[in-house]
Amino acid sequence: QWIASQGASGERAQFRAADLTGQNFGSCDLRAADFSGAKLAGAIFDDAQLMFTVFAGADLRGARFDHAGLNGVDLSGANLSGARLRGAQFLGVDIY
């Protein structure tokens, strides 16, 4: 509902500090979801819509983001060691 109404109603998905190690989010629409501090090592986000999603302080070691839409994503303090980002789209990404 939050996405369909462009933020006017409902709530954005919250995954703060969740252990989602190795989960497959391929082709999911996760726009503006909050994964702050989440454990996402080895997670798959191939072809996912992740615009304005927050990954601040998340463990993204070895995660895959092939062809994902990452415009406006917050990756500040995230661990991206070994992450794969083939063909991912970036614009206005915060990595500090």
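No helices and no strands were assigned to the protein chain in this predicted model. Of its 96 residues, 35% count as buried. The accessible surface of the chain amounts to about 5,100 Å², and carbon and sulfur atoms contribute 49% of that area. Among contacts with a separation of 6 or more, those between residues 24 or more positions apart make up 3%.

The largest nonpolar core comprises 22 residues. Within this core, the residues that touch the most other members are Phe35, Leu40, Phe45, Leu50, Phe55, Leu60 and Phe65. With neighbours within four places in sequence set aside, phenylalanine 45 contacts Phe25, Gly26, Leu30, Phe35, Leu40, Leu50, Phe55, Leu60, Arg64, Phe65, Asp66 and Ala68.

Nine aromatic pairs are present in the structure. In one of them, phenylalanine 15 and phenylalanine 25 have ring centres 6.4 Å apart and planes at 65°, so the pair is edge-to-face. Phenylalanine 15 has a relative accessibility of 23% and therefore counts as partly exposed, whereas phenylalanine 25 is buried, at a relative accessible area of 11%. An edge-to-face pair is also formed by phenylalanine 35 and phenylalanine 45, with 5.9 Å from centre to centre and 85° between the planes. Phenylalanine 35 is buried with a relative accessible area of 0%, and the value for phenylalanine 45, likewise buried, is 0%. Ring pairs join Phe15, Phe25, Phe35, Phe45, Phe55 and Phe65 into a cluster.

Note on methods:
Residues numbered from 1 in each chain as written. Predicted model: local features only at pLDDT ≥ 70, side-chain atom pairs only at ≥ 80, totals over all residues. Heavy atoms only, no water. Core = buried A, V, L, I, M, F, W, Y, C linked by side-chain atoms within 4.5 Å. Buried < 20%, exposed > 50% of the residue type's maximum accessible area, 1.4 Å probe, protein only. Contact = heavy atoms within 4.5 Å. Helix = DSSP H or I, 4+ residues; strand = E, 2+ residues; numbered from the N terminus. Areas by Shrake-Rupley, 256 points an atom, 1.4 Å probe, with all protein chains shown as cover. Phe/Tyr/Trp six-rings, centres within 6.5 Å; stacked < 30°, edge-to-face > 60°.
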